[in-house]
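Thanks for making time this morning. Let me put the model on the screen, and then I will walk you through a few of its local features.

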Amino acid sequence: MSVTNIIDGESVDGSGALFTLVDPANGLEIGGYSSAAATEVDLAFAAAHRAFQGWKRTTPAVRQSLLLALADAIDANVEELLAFEVAETGKPPALTRDLEIRRAADQLRFFAGLGRAPQGLAQTEYIEGFSSVIRREPVGVIAQVTPWNYPFMMTIWKIAPALAAGNTVVLKPAETTPSSTVFLARLAAGILPAGVFNVVVGGRETGRLLSEHSSADMVAITGSVRAGAEVMSAASRTITRVHLELGGKAPAIVFADADLDLAAAGIASAAFFNSGQDCTAATRVIVESSVADTFLAKLKAFTATLRTGGPSEADAFHGPLNSAAQAERVQAVLGRLPAHITVETGARFFGPGYFLEPTILSGARQDDEVVQSELFAPVLTIQEFDTESEAVELANGVDLALASSLWTRNHGRATQLAGELDFGTVWLNCHQVIPAEMPHGGYKTSGLGKDLSLYGYEDYTRIKHVMSAHSR
């Protein structure tokens, strides 16, 4: 399949810069494409604007039926979608099929139904002689940018609530992983009205054209803090709405009374799944000093069972880093580790491709780069604490505040500290469990707004109050 823009339901070649696609499992070139330039981006927004005039007037039931049909099309084309996803990410096929492609179809079905049950105040008379009603309306044309860590699933996270609410979309997938999104848009072209879902391909320049476009009524991205800041800056000039999911640095606090075997398995899995390229990945273990050595031994033992390998290796738990640039960035950070940090396991890159073994670093201090910065890699740091307040202070002492976990058998402690942890999600005795019905989004530099859930749907709506006088 050739990678092209999908605009108004049709394939449109780009006129911008050329991009090469590389299989990160072996470093070999597997294709290329021309990115969307201003001409194609303008065409996409014009198509989305035309389509919005009709799409916003469709009933929730009609939108639901079409989105359910798209979900069925995903299920019917799982293997083709999987092939594109694996080729550009190097992920294990079995895990990707069930945990990403099929799960994304389920998430689409969730939003398809949710659009039929908008929430709001009941119509009544709040002032005598006047009736009030709340209208929940679509925002308009949404510019969306998705990341390379979960190319297909993140596309569904973005388009499902937007389309269910009656918006139209212009979406740009990550430059290294566009194919599954382009294939989805081709499936959608046979189901949704032309122009409702448009895809433009390219890199940072194409993304800038989207986020700064005068026809964008809202800009929604999943990406880096830098990218989010640029979007906010551009949006401030036109007071455009933004929805930003910008990453995390999730702590996992382990108390001495926790089930240490459960904690070791849960944290290691959440740290190294998808090569740690997940904004909710466990990246910082904060463990009570009295059990630190015991827990570290258990953590290393479980980590040793997690195999790093390519898509052809059936027992691989995680694959490579996404690109040469990502591998070089992580290698540079590990290359400048301070002397007080001990490499307990991992920190070994190997090829062909961009593989990094699961890495555990002990002796980390709060101001270390590996503690403060999101690496997006299978790297886990260990810090120790003696008191509850110290544990909370260490956990909250980073700028990113997306997700966290707390491991203890003490229900009262768990309940209290869940309120003190400054993160959008707090998992208790688990980590990285994300149902479609619950919100995903953080605080501070992790961004604004929620993905998934009723809250994610509402982010793509605007509220209008309509008041009627009773007098004739």
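The crossing of helix 3 and helix 4 is right-handed, in the sense that the near helix is turned clockwise from the far one by less than a right angle. Please keep in mind that this is a predicted model, in which local features need pLDDT of at least 70 and side-chain atom pairs count only at pLDDT 80 or more, while totals for chains, interfaces and linings use all residues. Residues are numbered from 1 along each chain as its sequence is written, and side-chain values use heavy atoms, with hydrogens and water left out.

The axes of helix 3 (residues 78–89) and helix 4 (residues 93–114) come within 10 Å and cross at roughly 115°, where axes are lines fitted to C-alpha atoms, for helices over the stretch in contact, and angles run from 0 to 180 degrees between N-to-C directions. The two helices are therefore roughly perpendicular to each other, a term that covers 65 to 115 degrees. In contact (heavy atoms within 4.5 Å) are, among others, Leu81 and Leu82 of helix 3 and Arg97 and Ile101 of helix 4.

Turning to helix 6 (residues 179–189), we find that nine of its eleven residues are buried, meaning under 20% relative accessible area with a 1.4 Å probe and protein chains only; these include Phe183 and Leu187.

Finally, there is an open sheet of three strands with the order 5-6-26 and antiparallel pairing, where two strands pair if DSSP finds at least two bridges between them. Its edge strands are strand 5 (124–127) and strand 26 (461–469).

Conventions:
Helix = DSSP H or I, 4+ residues; strand = E, 2+ residues; numbered from the N terminus. Parallel < 35°, antiparallel > 145°, perpendicular 65-115°, else oblique. Buried < 20%, exposed > 50% of the residue type's maximum accessible area, 1.4 Å probe, protein only.
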